[in-house]
Amino acid sequence: MSRMVLQDILYIVILIGLSVPLGSYIYKVMTGQKVFLTRVLAPVEKGIYRMMGAVPDEEMSAKKYALSVLLFSAAGFLFLFLLLLIQGFLPLNPEGMNGTSWHLAFNTAASFVSNTNWQAYAGESTLSYLTQFLGLTVQNFVSAATGIAVLFALIRGFVLKQKKTLGSFWVDLTRSTLYIFIPLSFVVSLLLISQGVVQTFGPYHEAAMLETGAAQTIPLGPAASQIAIKQLGTNGGGFFGMNSAFPLENPTPFSNFIQALSILLIPAALCVSFGKAVKNGKQGRTIYITMMIFFAAAIAAATVSEQFAAPAFQGVAVSGSMEGKEVIHGVGASSLWAAVTTAASNGSVNAMHDSLTPLGGMVSMFLMQLGEIVFGGVGSGLYGMLAFVLLTVFIAGLMVGRTPEYLGKKVEPFDMKMVCLIVLAPPLLTLLGTAAAVVSPGAVSWLTNSGAHGFSEILYAFSSMANNNGSAFAGFRADTVFTNVLGGVIMLLVRFIPMTAVIFLAGNMAQKKTVAAGEGTLSTSNGTFVGLLIGVILIIGALSFLPALALGPIADFFTT
Amino acid sequence: MKSMKLLRPALVCFALMTLLCGVLYTVVITGAAQLLFPNQANGSIITVTLKDGTKKEYGSELIAQEFTGPEYLVGRPAGVTNLSPTSEEQKKLVEERIDWWHSFDPGNTADIPMDLVTASASGVDPNISPAAAEYQAARIAAARNVPVEEVRRIIQTYTSGPFLGVIGEPAVNVLKVNLALDGLLSS
């Protein structure tokens with residue numbers, strides 16, 4: 001137990017230690033300053049702009065920025081959708097995979113374009129190498145880069161005064177991909193390969209087993225390069241079906257630690273970048289601390305439940321719950337990961353979440369249901385949290401009867417409408433999706449578990465898709481026309497409605513004057529505000545989900 | 001009209017990103033992997049040079065194999081259940097596994113370590129806990145007619161972690177231990 005605690009503390013300390021310098025770096029990159037990679041990458045960057053016919057310093061209005069995001073994502077969606085359908089006719093397919101069904105192609109394309117990476121298939125038995133790296137790896141990069149771009153559009157909205165523009169989406173996208181994601185992915189890929197993550201274009205390996213001599217197939221592929229960005233970009237889609245639980249995707253305790261760090265690294269660093277960008281480090285720190293409080297509580301709760309709420313069996317040594325966990329990760333690293341992957345909208349797993357103890361599974365579920373704002377997705381986590389900050393400022397303003405302000409900008413009705421879209425779209429779609437699945441005929445045949453835990457499988461699936469997380473209670477049979485189509489639509493809506501709202505919020509903020517902070521201005525960088533913010537987040541989350549959780553994991557806990 | 005003007009940069013940008021993040025990045029990493037870590041990058045296949053000089057492959061050190069003989073270290077139950085650990089179905093499965101262990105090794109009255117009666121996350125967990133290896137040491141020694149100390153020493157050789165003493169859990173690689181027991185890996 002003490003080793004688990006030490007491991008968690010070490011994780012948090014290293015995360016903070018790395019996120020501070022990385023946050024400064026990201027701030028410099030996204031504000032166009034020189035960094036150590038500029039010399040190498042600037043010519044590439046210029047070449048990209050030239051070929052696009054885009055003017056690098058072309059300023060976009062909110063409408064144009066949003067339209068660019070949507071068109072770019074639509075192009076990615078169509079390309080991936082077609083690639084999945086026709087992969088059987090294309091090269092780099094040593095295992096001869098056929099094209100997927102239309103509904104699986106739709107679901108998968110929606111899933112990867114929306115940075116959800118929900119998977120209704122197992123990679124090693126469904127996808128060709130070409131589809132993996134030309135389709136999925138690319139979306140892993142650009143969906144994450146889109147998140148950072150939109151976050152910085154929002155930050156500019158706070159910083160700029162009486163401006164009608166927010167910067168260029170093409171520049172934001174290109175710079176975050178080139179300067180942030182590609183270099184970091186290089187480093188993480190090589191570290192993972194050194195541990196035994198596979199990286200080859202060669203076919204699967206046939207081997208004879210030692211005792212029985214029976215044949216065994218070792219699946220291979222260009223995995224490590226995709227796994228690095230799957231974690232760094234909070235994507236989470238596994239190269240193999242068993243995701244980061246599969247030893248060829250995550251072979252050692254060290255590779256596990258690197259991957260777990262990669263998941264939260266950029267979302268945490270962005271809090272620091274935010275503080276720098278608004279020239280007020282305290283604002284960034286306040287958000288960082290709020291997120292960290294939720295995160296630390298989640299790790300503790302998950303670990304305690306897995307260690308002490310495990311079932312005991314006659315004749316078996318007392319231990320934490322090991323069902324659905326790998327020996328090298330054990331209770332400690334599996335519980336840590338369960339909190340990390342659902343705090344961030346990552347969704348990769350190193351243990352089967354369906355086999356978590358009832359309350360351990362509820363921790364993961366609730367972290368998603370809060371709206372993926374406890375660090376959350378790359379970019380999207382922080383812009384989601386900033387929407388909650390505005391909501392908190394607004395509620396506090398109502399209580400004292402003053403016009404609410406944040407970072408010197410008045411928060412007005414249009415802004416609050418956008419905030420409502422950002423905050424309410426995920427819980428609404430989670431609950432509607434769950435309800436639709438529960439009443440649809442045949443739903444019971446999709447489940448592995450029965451009773452309350454069976455309901456949890458459905459609730460988890462739609463909490464995951466409707467918050468762009470992508471992890472699953474994998475006993476839920478996902479590859480059905482119903483879930484593929486409904487889930488695909490939900491993932492797209494929950495990604496692009498809040499994202500568009502953020503851009504228009506940014507556009508409206510940028511047009512405002514800055515007002516000087518007066519005596520009555522609510523401080524948004526002290527302990528009281530952290531408390532208020534936590535309260536607002538919990539109230540929205542609890543009001544939306546307590547009834548559903550009571551039917552799922554809570555009933556599961558009390559009845560088994 | 002305006003959206004048509006935006007369409008070109010969107011398409012060109014997507015094509016360039018596909019080239020950069022899909023093709024170029026993957027090819028460079030694969031090249032580096034094959035150059036720097038050829039064994040790891042190709043699945044950590046264990047190749048043994050036999051006495052007559054021929055080379056034979058025995059699978060990946062990262063993927064579990066099925067062992068059922070008393071002279072071998074036996075790994076975790078194969079497959080993934082996705083069952084709730086507190087469910088009745090799970091209880092029944094675990095009890096069946098407990099009975100299997102008791103009939104497999106009737107003289108052994110020690111408590112069975114939890115990882116031997118629960119399924120893993122990958123379904124092909126190549127490791128067991130040191131306690132699970134120790135639970136089997138005496139049986140293997142008896143079946144092979146070697147001192148139990150010898151078996152313990154081999155188990156010790158193929159036990160790894162936790163990383164830096166803190167990260168992850170200690171683990172015994174089942175395949176490597178069995179290869180060493182058969183004299184195919186150095187013991």
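This is a predicted model: local features need pLDDT of at least 70, side-chain atom pairs count only at pLDDT 80 or more; totals for chains, interfaces and linings use all residues.

Residues are numbered from 1 along each chain as its sequence is written, and chains are lettered from A and ligands numbered from 1 in the order in which they are written.

Chain A to begin with. Its domain assignment gives domain 1, residues 2–205 + 217–279, and domain 2, residues 377–559; such bounds come from an automatic or database domain assignment. The C-alpha centres of these two domains of chain A are 23 Å apart. Across the boundary, 45 residues of domain 1 of chain A are in contact with 41 residues of domain 2 of chain A, contact meaning that the C-beta atoms of two residues, placed from the backbone, lie within 7 Å.

Which elements supply the domain 1 side in chain A? Those giving two or more residues are α3 (62–86), α4 (102–113), α6 and α9 (253–277) of chain A. Helices here are DSSP runs of H or I with at least four residues, strands are runs of E with at least two, and both are numbered from the N terminus. The largest share of that side, 10 residues, comes from α6(A). By class, the domain 1 side has 26 nonpolar, 15 polar and four charged residues. For the classes, Ala, Val, Leu, Ile, Met, Phe, Trp, Tyr, Cys and Pro count as nonpolar, Asp, Glu, Lys and Arg as charged, and the others, Gly among them, as polar.

Now two helix pairs in chain A. Helix α6, residues 129–159, packs with helix α16, residues 481–510, at an angle of about 25°, their axes being 7 Å apart. Axes are lines fitted to C-alpha atoms, for helices over the stretch in contact, and angles run from 0 to 180 degrees between N-to-C directions. α6(A) and α16(A) are therefore roughly parallel; the cut-offs are under 35 degrees for roughly parallel, over 145 for roughly antiparallel, 65 to 115 for roughly perpendicular, and oblique for the rest. The crossing of α6(A) past α16(A) is left-handed, that is, the near helix is turned anticlockwise from the far one by less than a right angle, with clockwise giving right-handed. Residues in this contact include Val150(A), Leu154(A) and Phe158(A) from α6(A), and Met499(A), Val502(A) and Ile503(A) from α16(A). The contact of α6(A) with α16(A) divides into 11 nonpolar, two polar and one charged.

The second pair is α3(A) and α16(A), with an angle of about 155° and axes 8 Å apart. That makes α3(A) roughly antiparallel to α16(A), and α3(A) passes α16(A) in a right-handed crossing. From α3(A), the contact takes in Tyr65(A) and Val69(A), among others, and from α16(A) it includes Phe496(A), Met499(A) and Ile503(A). Its residues divide into 10 nonpolar, two polar and no charged.

Strands β1 (205–208) and β2 (215–218) of chain A pair in the antiparallel sense over four bridges; pairing needs at least two DSSP bridges. Ala208(A) has Ala215(A) as its bridge partner in β2(A). Six residues lie between the strands, and Gly213(A) takes a positive phi near 75°.

On to chain B. Its assignment gives domain 1 (2–40) and domain 2 (62–181), with C-alpha centres 43 Å apart. β1 (45–49) and β2 (55–60) of chain B pair in the antiparallel sense over four bridges, Val48(B) being partnered by Lys56(B). That hairpin has five residues between its strands, with Gly53(B) in the turn at a positive phi of about 90°.

There is also an open sheet of three strands in chain B, ordered β3-β5-β4, with antiparallel pairing. Its edge strands are β3 and β4 (159–160) of chain B.

Last, the two chains together. In total, 82 residues of chain B are in contact with 91 residues of chain A. On the chain B side, α1(B) gives the most, 23 residues. That side has 46 nonpolar, 29 polar and seven charged residues.
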